[in-house]
Amino acid sequence: MNYTVQQIAEITRAKVIGDTTTVVKNIAFDSRIIYSTKNTAFIAINTKKNSGEKFVESAIDRGITVIIAEHYDPKFINITWIIVENAITFLQNLAKYHFEHSHLKSIGITGSNGKTILKEWLYQCLWNEYSTVKSPKSFNSQIGLPLSLLQINTNHQLGIFEAGISQPFEMQNLEEIFHPKIGLLTHIGTAHSANFKSEEELIDEKIQLFKRSEIIIYNGDNSLTENKIQQLYSGRKLISYGFKESNDVYIKNTISKEEDLIIAYHNEEIRLPVHQRDEATLTNVLALFTVLKVLHIDNTKIVDKINALKAVEMRLEAIEGIKNNIIVNDSFNLDLDSLKTALQFLKEYNKPKKSLVLTDIIGVNSKSEELYEEVSELVNEQNFDSVFLIGEEITQFKKFFNGATFTFNDTYELIDSKYLTDIENQVILLKGARKFEIEKIKDLLELRKHDTVLEINLNAILHNINYHKSLLRPETKMMAMVKANAYGLGSYEVSEFLQHHHIDYLGVAYADEGVELRKKGITTPIVVMNPEQHSYDAIIQYNLEPEIYSVRVLDLFYKAVQKSGNDTKYPIHIKLETGMHRLGFKEHELDYLYESLKDKNLKVQSIFSHLSSSDVPEEKEFTVQQLEKFRKNSEYLIKNLGYQPLRHILNSSGITNYTDNQYDMVRIGIGMLGESSNIEIQKQLHSCVSFKTVISQISLVEKGESVGYSRKYKADHLTKIATIPVGYADGIPRLIGNSVGSVGIHKILAPIVGNICMDMMMINVDHITGVKEGDIVTVFNSKPTLKEFAEYCKTITYEVLTSISPRVKRIYIKD
Ligand SMILES: *Cc1c(COP(=O)(O)O)cnc(C)c1O
């Protein structure tokens, strides 16, 4: 889009305060995700869960000068305000106008499954036929769809957009804004129909999108869909696809691995090579094929395009590099969207310096000059210390890039230049189209190359946090426990991520853990649960907040505060003993505590306690007693203090089992890692840790021969045994050898045979067909799960995680 503030106000009947001539080309709705401040307006969207207006200030801090909001705030000067009645309605009205004035050919995709993958595939097949715009990621909601439509500009010829709904009447609303010429209905499943009375109601709602479509392509395997579409839209051009032979488009031959598919399309037969033969992929291929036919792409081209499809995968990995660098690698695909995502990801690292390796952009059909100007704007915003450009096209536009910029014809030229190996203590982003093979650079810069890794999925952690938040009142704060290196996963990486997602507090066990986080740039408040006397000075110097659990600690800590010359009220957290009998003030000490606090320059930031058995249903009575004691004693203390500190007592299982006692804050630990003792809750959580390795060698062991130390395993027939490079020094307890534990290969369990060695162990793979050296082995994640693995070890998941040796490389994944 490209409108002046004045035009926007006229289109949407909004009020303007400030300069009306400013041009707006982009609208940002998340103050953390502002790719470029130039010609960008920030819209404050208020939802049930969150007030977008809270983030106006941070958007302005980032350099935004146009704000769209429901309320005007005169506090900010030199800002243009577009004042609207309702921000979501505003966005929809503007998008509707923009779409209706755009004149592009449009494809609208809806359905329960496959929307995003089909959109991406269509884009991959069509970008070089038409100048194409598409929804970013899976932006398909009441907010996401309007934002997607606003990306249309005057040179676009084709738009591919997703429309998704979760409630009745939503599609009618989306159709008001967006009425595609070609409608595509993917598979309808019953999975998301919780808000709909029946499947029928869901179908009725979804097909509303096609009210004004000329051509409707739909999955006809579902007879209810088939009937509904035929009834409602009989006058249109209707094309059904699916596995049933009654469809207009279906697969003629039986699906075997070797043969090409033969697709029937009206009176034609087309042979298609498709490698993956699962049902979901084939359904999507049929839909894609149908759209391409409808757009009159010729058959040989269709075959080539489908052959060249890439998996739709947007995965960024961050790995430790040599010389204290962090390498953020996305060498998989490169278009503007994925570049934006990667630049966003980079902001989450607090390293003072950063570099970028960027190749020619492939898969975008706009004029080079304009394209690279846009790319350079995005890049320049980030103030990279060095930018390395690779490829014939991008290097021609070196002049657009600020700062130290170097150009290379290909990846090898950059590798040979030795520039990269001189970089120290930076974040290095590798972003390249596949053909440039920039993963070679990753290999060069990677610190330790190990086949054994602990992979941590940060998005899963966020999901788990949000799930727990959804059980709580919106105003309840959350402290994330990142003690013991965040339960072994890496306290800095996890804390950095959580800080970015506005966690209220972090909790560590010892001061040095907090100091390390501060040194690396974490500014979120941090509570130290075990403040040792020798660490008081460090606590004060690094602005950490101690748990105070006795009058002795109170007095000693206060002496340190006085000595430091600190003259503001220093924040502390009072721990009450309610039944755990670990640390804390007992009931009879409260008066004495209160007297000792009286004239001290300290602020009780919070009062808290800890439940010993919130995960044990049989101990409910005891837990209720603990909660009652906490209520009583904390109230007593607050009455005497005369002010209201935060109160908190629930840990993860407390959140799920004793939600009513959330007070002002909760402390999440294992729950954010996706583990719960409650089976129903467990189903809602995502596992976030995967301990993986690969098979080093496979041997055939003859009957009677033995495996490993002390000959504890002897083959009773010719047996296939694999050796994997993890052992007790990596944190696998030796006691799970000799068939007590198993690992997973191709999702099949393989028992550990013989004694576990220090760095290796052997497993029985006799029953696994097709197993070969180099195959991935799952120590735990899904098969076996972390819980099952903990059972082999006769312990709890907490101990399994914290026992994994530091030598196992941690890799952080974001989807
Ligand atoms: C570790 C810890 C938690 C978190 O416990 P989970 O069971 O992992 O949720 C909460 N509070 C305190 C004081 C802790 O030490």
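How many residues in the lining of the second largest pocket are nonpolar, polar and charged? The lining divides into 14 nonpolar, 16 polar and ten charged (Ala, Val, Leu, Ile, Met, Phe, Trp, Tyr, Cys and Pro count as nonpolar, Asp, Glu, Lys and Arg as charged, and the others, Gly among them, as polar).

Before you click on, this is a predicted model, where local features need pLDDT of at least 70, side-chain atom pairs count only at pLDDT 80 or more, and totals for chains, interfaces and linings use all residues. Residues are numbered from 1 along each chain as its sequence is written, and side-chain values use heavy atoms, leaving out hydrogens and water.

Now colour domain 4 (456-684) and domain 5 (689-814): both give residues to the lining, so the second largest pocket lies between them. Those bounds come from an automatic or database domain assignment.

Next, select Lys 483, Tyr 487, His 610, Asn 651 and Tyr 798, which lie nearest the pocket's centre.

On to the ligand. Show Met 481, Arg 582, Gly 669 and Ile 670, which are among the residues surrounding it (one of their heavy atoms lies within 4 Å).

- Ser 652: here an oxygen atom of the ligand is 2.4 Å away.

Methods: 1 Å grid on protein atoms, 1.4 Å probe; cavity = no way out; pocket = protein on both sides within 12 Å on 5 of 7 lines; lining within 4 Å. Polar contact = N/O pair within 3.5 Å; in protein donor to acceptor, adjacent residues only side chain to side chain.
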